[in-house]
Amino acid sequence: MMQSKHAIGAAGSAADRNGGIEPAAAAAAEAMLQGVIDTLPVGVLIFQAGRDGIPVCLSSNATFESWARYPHNQVIGLGLPRIRLLNENPRIGVAVESLLQDPRGAKREIDWTVSESPRQRHLSAHISPLTPSGDAPARVVIAVRDRTPEIQAERNLKQTMLNDALTGLPNRVLFIEQLEEALESRMKSHLAVAVINIDRFKRVNENLGHIVGDELLAAMARRLLPCIRANDCLARLSGDEFAVLVKNIDAPEDTIRVVERIQSTLKSPFVITGGECFVSASIGIATTFSSRRYSEDLIRDADFALHTAKSRGRGGIAIYQSSAHSVARDMFRMEADLRKAIERQELELAFQPYVSLAEGRLVGFEALARWNHPERGIISPSDFIPIAEDSGLIVPLGRWAIETACNQIADWRRRCPGAADLTVGVNVSGLQLAQDDIVSAVEAALTASGIPGRALKVELTESAIVENPELARQIFTKLKQLDLSIAMDDFGTGYSSLSYLQQLPIDVLKIDQSFVAGMLNSDDSHKIVTTIIALARNLGMTTVAEGVEEQSQAERLRVLGCDTAQGYFFARPMAAQEAEKFIDKGACCPSRQHSIEQRSDVHSVVRTP
C-alpha cells in the first residue's frame, strides 16, 4: 500500500483492528475518502517529521497537485522546502515544524503571493495539527485556499468605487486619498488643488438632454487630461465639477499655468450629438501656501475660490484668499444668529421722520430695522439685510416689521393726539413680494393692531417692482383695497420702464439720496431731481426726497415742489420712545406759515446727535 494511503487510512486501519472490518472494505473506504478529498476546492497536504527533522509530505490531493503542476502522487515523499508554492513563503515551513514538535500549539493562517505568468496567484494556508492516535507520530495538515478570484473581485470593486464610471477618472474618494498621500509625502514643496466647474452646464442638460450632457462630460475629461502634468491628478468630483491636484509648486502662481492651459483648450468647440458646443469653465485654486494643510481644508478653500471666480462672470479664475473667507464665515455665523434674533427680541424698529417741505410739519416716519446683537452690538441694516435676502430670512423679518410697525402706530395713536394723521412707511423686499402672501400679512397686522390702512405705507425698491411687474400690479391692487399707500423707493437708480408708473397704482416716488446729495453742485443731478418731481406731479403722485442733510438742500427741494423729505437735517432714525417725544414736542403740528428757515431752531432741538 502506498505511503499516502497509510496516512489517509490510519483511521480506517484502526477501525479494522478494533471492529473486524475486512481489508477489502477498508481499502474501498480509503479510496472513497481520497476521492472526496481530491474533489475539494482547496489544496490539502499532510506532513510528518522525516528522519532529519524536515517535514515530509505524506499525502496531497488533486487540487494542490494541479495548482503546483505536479503529476498525481508526485508530491508524496517530498520534503516541504522542495514543494512548489509552499517554498515561496518560509513562514510555512517554520509553522509546520513548530506544530510537529508541539502538536498542542495554536493553528496558523499565512497569506502569500506567487508570481505566475501572466498574473499573480494569491494563496492562503491554514496550518493545524492532527490529533495523534496512540503512539502514532505527530502530523500536520495544510489546507491551501486560492484567494486570487476574491482578491481580483476586491480590486474590481475598489476600481468601481474609486473611479468615475462615465469618464474613467478618479472620483472624489480616490482624489482625496491621493491628495492625502501627497500631503504626507511632500517635504518642503507645496501643492495646490484646482476645482473646475463648467459654466451653465445646466443649460446643456435642459436643452439637449442628459445623455448629451454625459457625452460632453466624457469629452471634457478627454480634453483636460493633456493639460495636466505627468505627476498630477485629474478627477471628477461630482456632476460638472472636476479637480486637479498640482504637485511640487514653488509659488501659488505656478498653478495658474496649468489652469491657463485648461482655459486655452476650452476655446475650441466640443463636437457632440446635435452639433458643436462651446464651453467655458470657472476655476478656484487653493494652495498649501494659504490653506491649512489638510485635504478637506484644501478642497473647501478651492470651492470657496470657485464661488468667487463664478461671481466675477464666466471663465473666471480665483486663488483662495483667507481674508475673504473670514468675511464669508462671519456672514455665515451672522445668518445663524439672525435666525434666532426675532424670537430673542434682538430686533427693533427705528423711525426717521418724514417732514412736509411746504408746511414744515411732521407727516410720518419710515420704519427701519435695527439689530441689537448681544455680542456685536448694533448691526447696520446694510450688513444684515443682504444676508436676510440671500437666506430667505427676509420673509419672516418682513412680517415682523409690518406687525411691529402697525402695533407702534396704534400705540402712538392712543398716546399722542398729534399722531392721528401720521403714516409709517415699511420697506418690503422683492423676495418677500414674490414668496410671501404680503396682502394677508398686512391685513392680519391691520386687524390685530386696529389701525386704518391709510396709516401704513408700503415701500418697495424700483428693481424689486420691475422683477415681476404683473405680480406687483396684482398685489398693489389688493393693497390699495386696504387703503394703503404705495411708494417706489430709490426711484431713478434702477432700470424700470416709465410705463410701469402708468400701469401700477403707485402713490409716492422717493428720490434717491445720491441725486439729492449732488443737486446743488451737479447740473445733471439737479435736472434729474427736477424731472422726477415734475413727472410725479403730472402722474398725480407725491414725492419724498431722501438723504437731506443741509438746509440749502431742503430749501431747493421746497422751491422745486418736492412734497416731503427725510434725512439727518431733520433727524436721524430714532427709537420709538424718542419718536414719541419728537411728536409730543409739537414738531408734528407747526404753523402752516412757518418756513423751513423759521423752523431751524426746532430742528436743532429734536435732531438726534
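This is a predicted model: local features need pLDDT of at least 70, side-chain atom pairs count only at pLDDT 80 or more; totals for chains, interfaces and linings use all residues.

Residues are numbered from 1 along each chain as its sequence is written, and side-chain values use heavy atoms, with hydrogens and water left out.

The secondary structure of the chain comes to 24 helices and 21 strands, where helices (H or I, at least four residues) and strands (E, at least two) are DSSP runs numbered from the N terminus. Of the 609 residues, 47% count as buried; buried means under 20% relative accessible area, exposed means over 50%, and partly exposed is in between, with a 1.4 Å probe and protein chains only. If we take the contacts between residues at least 6 apart in sequence, 63% of them join residues at least 24 apart, and contact here means heavy atoms within 4.5 Å.

Now to the helix pair. Two packed helices are described by the angle between their axes and the distance between the axes. For helix H8, residues 201–208, and helix H9, residues 210–224, the axes come within 7 Å and cross at roughly 140 degrees, the axes being lines fitted to C-alpha atoms, for helices over the stretch in contact, with angles from 0 to 180 degrees between N-to-C directions. That makes H8 oblique to H9, given that angles under 35 degrees count as roughly parallel, over 145 as roughly antiparallel, 65 to 115 as roughly perpendicular and the rest as oblique. On the H8 side the contact is made by Phe201, Val204, Asn205 and Leu208, and on the H9 side by His210, Val212, Gly213, Leu216 and Leu217. Sorted by class, this contact has 6 nonpolar, 3 polar and no charged residues, where Ala, Val, Leu, Ile, Met, Phe, Trp, Tyr, Cys and Pro count as nonpolar, Asp, Glu, Lys and Arg as charged, and the others, Gly among them, as polar. At 45% relative accessibility, Arg200 counts as partly exposed.

Let me move on to the aromatic rings. Rings of Phe, Tyr and Trp (its six-membered ring) pair if their centres lie within 6.5 Å, and planes under 30 degrees apart count as stacked, over 60 as edge-to-face and the rest as tilted. By this rule the count comes to 7 aromatic pairs. The rings of Phe304 and Tyr320 have their centres 6.2 Å apart and their planes at 80 degrees, so this pair is edge-to-face. Phe304 belongs to helix H11 (residues 295–311), whereas Tyr320 is in the loop between strand E12 (317–319) and helix H12 (322–341), 16 residues apart, and both are buried.

What is the geometry of the rings of Phe365 and Trp412? Their centres are 5.1 Å apart and their planes lie at 40 degrees, so the pair is tilted. This pair links strand E14 (residues 362–373), which holds Phe365, to helix H14 (residues 394–415), which holds Trp412, across 47 residues. Phe365 counts as buried at 0% relative accessibility, and Trp412 counts as buried at 2%. Together with Phe351 and Phe582, these two form one aromatic cluster.

Finally, the loop between helix H4 (62–68) and helix H5 (90–101) contains Tyr70, which counts as buried at 15% relative accessibility. Arg69 is found in the loop between H4 and H5, and counts as exposed at 65%.
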